[in-house]
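Here are some notes for your read-through of the model. Please go through them with the coordinates open.

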Amino acid sequence: MVAATTSSTISVTLRVWRQAGPKALGQFKDYPAKDLNSNMSFLEMLDVVNDELTLTGEAPIAFAHDCREGICGTCSLTINGKPHGPGKGIATCQTYMRSFRDGDIIVVEPFRAAAFPLIKDLVVDRTSFDKIMQAGGFITARAGSAPEANAAPVPKGDSDLAMDAAQCIGCGACVAACKNASAMLFVSAKVGHLGLLPQGQAERDRRVLAMVHTMDEEGFGNCTNQYECSAACPKTISHDFIARMNRDYLGATLRSAFNPEAASSAGGA
Amino acid sequence: MATLDSKIPSGPLADKWRKHKADSKLVNPANKRKYEVIVVGAGLAGSSAASSLADMGYKVKSFVFHDSPRRAHSIAAQGGINAAKNYQNDGDSVHRLFYDTIKGGDYRAREANVHRLAEVSANIIDQCVAQGVPFAREYGGLLANRSFGGAQVSRTFYARGQTGQQLLLGAYSALSRTVGQGLVELHTNSEMLDLVVVNGHAKGVIIRNLITGVVTRHTADAVILATGGYGNVFNLSTYARQSNATAIWRAYKRGACMANPCYTQIHPTCIPVSGDYQSKLTLMSESLRNDGRIWAPKRKGDNRAPAEISEDDRDYYLERLYPSFGNLAPRDIASRAAKRVCDEGRGVGETGLGVYLDFADAIKRLGENGVRERYGNLFDIYHEITAESAYKQPMRIYPAVHYTMGGLWVDYNLMSNVPGLFVLGEANFSDHGANRLGASALMQGLADGYFVIPYTVGDYLAGQKPGSRPSADSAEFKAAEESVNAMSKRFLATKGKQPVSHFHKRLGKIMWDHCGMARTKEGLEDALQKIPALREEFHATVNVPGSGDTLNQSLEQAGRVADFIELGELMCRDALTREESCGGHFREEHQFPDGECKRDDEKFGHVAAWEFQGVGKTAIRNVEPLNYEFVKMSVRNYK
């Protein structure tokens with residue numbers, strides 16, 4: 001008998017990566033998840049599974065999450081091989097059980113990349129992203145020194161394009177999707193956002209040099225133009241920004257060869 | 001009894017802040033680096049405060065429980081940020097923003113604080129644009145505005161439906177810059193579990209590293225809490241799952257007064273609850289009310305599809321009841337109106353707890369693409385969650401807990417009654433009275449961090465001798481650390497039968513039923529019986545698996561839920577004591593015949609600031625009178 005509601009019920013098997021700590025050995029473990037309301041979100045399903053594990057005395061599955069509306073970038077998870085799961089342009093927290101079929105085996109793994117060391121189970125350390133931002137992902141503007149906001153008009157097209165890039169939520173799906181674990185989409189989104197605005201010109205060369213330098217230092221791989229990053233991005237940020245960054249980087253490198261002063265003081269890198 | 005001196009400067013309203021800045025003591029640049037300031041939280045208020053103070057030369061330590069300072073829930077604010085720029089030439093001014101905010105707050109905020117907020121609002125926009133925040137623009141390249149609830153001018157700046165994200169990333173970029181420059185010492189995955197008070201002054205915090213479980217003591221000359229609101233007391237809310245009250249609650253238990261805890265904002269336009277597994281409710285931005293029309297069927301139990309219900313059978317109740325503000329009536333008013341409609345049996349959807357937000361007229365006027373350009377991402381979110389297209393049929397919406405106007409009591413300097421403890425953003429109670437207007441939370445967070453605290457923290461520090469910080473080995477620090485460790489041990493040792501989440505759900509239901517959109521004496525008294533019982537059951541039967549020396553999300557959550565239970569009790573006590581209706585606090589006993597809030601200015605024209613007396617003991621209710629010198633307290637009228 002199926003209850004007469006508009007939502008249906010499904011049962012699945014979760015095949016989850018369990019790893020007690022950074023140095024422990026990891027392994028997949030199967031957990032049945034039964035009679036799930038298909039309107040449940042994927043993370044709500046994990047909440048339910050975790051409550052059951054708690055009561056049976058098994059350690060709950062550690063996973064990162066917070067806003068549960070696709071904007072904070074905390075949730076990760078590679079679901080059936082895809083960072084953020086089957087949906088396009090959404091994060092794991094916006095994935096609903098109606099995307100799966102009754103009887104499915106769902107493989108759940110952490111975002112895997114050398115620059116994202118594993119902490120526990122499905123939680124990884126993405127501090128490397130913060131380090132890249134600290135090196136140059138900003139426009140220096142101390143509180144109190146800003147000019148009147150409408151003093152410098154910004155063409156709507158530039159502003160809209162900057163916003164397209166600025167939407168990046170810093171989740172790391174681009175890295176997890178890339179066979180080289182490259183962070184080019186993440187870095188280029190910030191370089192593109194700030195470089196498109198008149199306010200961002202003063203530090204444009206320093207920014208791209210410092211951010212790319214830190215990206216390399218943190219152990220991210222290079223880009224080989226497969227664009228898996230854009231396909232996995234929950235904000236569908238375009239790989240065009242990578243091309244834009246390459247151009248900026250080339251220009252900045254050439255200019256810095258003639259004027260090393262301007263580039264060497266870049267950020268904290 | 002705590003002393004509550006609001007320290008509001010004398011003189012004409014419009015001159016108070018200028019005068020106060022001129023009168024505040026300064027710390028000379030060479031001395032600034034001798035002072036250490038701890039900032040807890042890195043949302044809009046925390047990040048902007050940390051970077052601003054670091055730029056001024058103070059040594060700043062920033063503590064964030066998230067894995068990165070870019071995660072705070074400011075990031076989820078959708079609609080916009082208010083500022084009295086008057087770019088639209090539509091009659092806006094500092095005074096009008098001040099007045100709208102005071103009136104929107106149902107005359108329960110301080111005039112002086114709100115006026116200052118309106119004054120610095122324009123600077124915030126300048127600051128954010130300079131940082132590269134990509135606000136929406138007109139074709140000429142100048143900044144665009146939209147209108148928002150509770151105002152008759154267009155003063156809201158926005159970045160698509162992601163304004164909070166863009167403002168937070170701006171503040172995060174400033175914080176990142178100062179971290180990169182070595183001016184701020186950033187501690188991520190670091191949760192504040194206690195405030196350390198030495199000789200009556202806040203001098204440090206106890207921090208647990210969430211990855212390693214290591215507990216450490218940190219000293220400072222001043223402590224700033226910018227840790228957000230406490231709406232997750234209700235379990236289901238639009239807050240992030242990890243948003244919590246632990247920092248402010250532990251500070252309360254160390255002597256800081258908690259002001260107006262019952263003032264909760266229930267946002268009118270959220271996606272309705274669908275099941276008991278649910279972990280979170282999702283907001284549909286108030287900006288949608290610019291073009292969407294809210295309605296319910298005129299007849300009870302009319303369960304026809306919305307398209308089949310003719311114009312004559314529809315009740316556009318906000319337009320009917322509040323013709324001059326219509327669908328842009330303030331949040332508390334719009335929420336209660338939706339509740340009344342559903343209570344009358346006219347609600348829609350599976351549960352009957354919903355009303356329609358309809359874009360058919362807007363699509364006729366602007367075309368589907370026009371609507372997509374304005375609200376596309378919100379329609380997408382709605383579709384992801386409900387699998388329905390709001391281009392084809394109206395959205396179903398219902399009110400949900402969204403913001404808390406109450407918070408730690410602060411004076412005009414944003415300092416609590418514990419000297420040296422400052423509280424910014426949603427964590428304090430100061431600017432929104434009993435109801436916050438849309439697009440004002442972002443404004444307040446950034447005002448506090450960029451433009452208020454840089455002036456007021458110096459005034460306090462100038463009175464503290466440089467280098468007079470107590471040692472982290474002093475008795476107070478050791479005792480605080482021990483109490484934190486003891487609490488973790490207790491949770492882990494209980495080994496009961498119920499996971500933490502069960503208690504959170506039960507607390508949430510008690511709070512929603514008895515301390516939600518409508519409150520009664522009986523209901524609140526009932527809640528005050530149930531919550532202490534729940535607290536005892538929690539401590540006796542909770543199951544927190546694992547150990548304390550590793551990442552343990554159940555342990556984190558146990559501490560937070562323990563605090564929510566205690567705080568929920570105080571909210572009910574506050575709601576019971578406030579025998580009036582105002583803003584988000586609606587006592588059924590106190591209403592006009594048309595169902596509007598009936599305030600009692602004579603008896604309750606004050607701030608209630610509660611002082612901790614011990615768990616299970618009734619807190620002391622201190623009172624700060626609200627003296628309205630410039631605005632007349634009157635019945636709010638949006639008709």
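Predicted model: local features only at pLDDT ≥ 70, side-chain atom pairs only at ≥ 80, totals over all residues.

1. Residues are numbered from 1 along each chain as its sequence is written, and chains are lettered from A and ligands numbered from 1 in the order in which they are written.

2. Of the 639 residues of chain B, 61% are buried (20 or more other C-beta atoms within 10 Å of the residue's own, with C-beta atoms placed from the backbone).

3. Chain B is assigned domain 1 (37-263 + 405-461) and domain 2 (267-402); such bounds come from an automatic or database domain assignment. Their C-alpha centres lie 30 Å apart. Contact (C-beta atoms, placed from the backbone, within 7 Å) joins 21 residues of domain 1 of chain B to 25 residues of domain 2 of chain B.

4. The largest nonpolar core has 290 residues (buried Ala, Val, Leu, Ile, Met, Phe, Trp, Tyr and Cys joined through C-beta atoms within 7 Å). Among those with the most contacts inside it are A:Cys174, A:Val175 and B:Ile224. Beyond its neighbours within four places in sequence, B:Ile224 is in contact with residues including B:Val37, B:Ala49, B:Phe422 and B:Ile453.

5. Chain B contains 16 helices and 21 strands (DSSP runs numbered from the N terminus: helices H or I of at least four residues, strands E of at least two). One open sheet has the order E16-E10-E20-E21 (chain B) with antiparallel pairing; strands pair if DSSP finds at least two bridges between them. Strand E16 (407-408) and strand E21 (620-625) of chain B are at the edges with a single partner strand each, so one side of each has no neighbour in the sheet. Strand E10 (residues 258-259) of chain B pairs with E16(B) over two bridges, and B:Ala259 stands opposite B:Gly407.

6. The contact between the chains takes 68 residues from chain B and 67 residues from chain A. On the chain B side, H6(B) gives the most, with nine residues.

How values were computed:
Contact = placed C-beta atoms within 7 Å. Buried ≥ 20, exposed ≤ 12 C-beta atoms within 10 Å, placed from the backbone.
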